[in-house]
Amino acid sequence: MKRILPIISAIICLITAVYTIWYMHFGNPVKNSGALSKIGLEHHNLFVVWGILTYLSLSFALIIAYRRFTKTSAYIPLLCVSGIGMIMTLCFDFVYDDKFSYFMHCIGSLTFSAVSGITVFLLFLLNYKKSLMFKSFTYITGLILAIDLICLLIFKETGLIEAMPIIAGYIMLTIVNFRREKIEITK
């Protein structure tokens, strides 16, 4: 069973990444008008599917990795907070005219993004000394999160800025979950 879970996770991450890229075709991914939430105003049901797939695929991959490589259960409340953020993102529309809905959507989206990013970064940081892969992924994740924040502040929200950290997370978590344990031979 332990060998099948990473395969299932990888398939779900691949499906979600393909769905995300397909969903982004409804807007221009490099412009503010192509933000995933703005596309969701015209294609609400597709946006809900995107949100559910995204949360489930990231969470499943994180659960597998945390259980396999750490002894902490700190990821559980983080995933709960992240899930609440996604629920808020999906339940409230990104409409400027309805300030309450707009702010609740933005709070939810920011909560999901930030807490998910922190959860991925924390996984790699907690395993930093175990291997070069974890060291590399710690730096890569930190760099992606910093660049994403800078791009968000400069260019505002775009589909590309929203999707790239998530897709990078799918790739790195899949690699980690397929990693074989090193077997130490002692005499």
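**Entry 1: terms.** I take a patch to be made of residues with over 30% relative accessible area and no salt bridge, with nonpolar side chains joined within 5 Å. The model I am reading is predicted.

**Entry 2: the patch.** I looked for such a patch on the surface. Ile 4, Ile 7, Ile 8, Ile 11, Ile 15 and Phe 178 form one, and it is nonpolar. Together these residues have about 500 Å² of accessible area. Which helix gives the most to it? I noted helix α1, residues 4-24, with 5 residues.

**Entry 3: Ile 7.** Ile 7 sits in helix α1. Is it buried, exposed or partly exposed? Its relative accessibility is 38%, so I log Ile 7 as partly exposed. Partly exposed lies between the buried limit of under 20% and the exposed limit of over 50%.

**Entry 4: the fold.** I went through the elements of the protein chain next. I find 7 helices and 0 strands. From the N terminus the order reads α-α-α-α-α-α-α. The radius of gyration is 17 Å, close to the 16 Å from the globule rule for 187 residues, so the chain is as compact as a globular protein of that length. I also noted the box filled by the C-alpha atoms: roughly 70 × 35 × 30 Å along the principal axes.

Entry 5: How much of the protein chain is buried? Buried residues make up 42% of the 187. The chain exposes about 10,800 Å², and carbon and sulfur atoms supply 72% of that area.

Definitions and conventions
Residues numbered from 1 in each chain as written. Predicted model: local features only at pLDDT ≥ 70, side-chain atom pairs only at ≥ 80, totals over all residues. Heavy atoms only, no water. Patch = residues over 30% accessible without salt bridge, like charges linked within 9 Å, V, L, I, M, F, W, Y side chains within 5 Å. Areas by Shrake-Rupley, 256 points an atom, 1.4 Å probe, with all protein chains shown as cover. Salt bridge = Lys/Arg side-chain N within 4 Å of Asp/Glu carboxyl O. Helix = DSSP H or I, 4+ residues; strand = E, 2+ residues; numbered from the N terminus. Buried < 20%, exposed > 50% of the residue type's maximum accessible area, 1.4 Å probe, protein only. Rg over C-alpha atoms; globule rule 2.2 N^0.38 Å.
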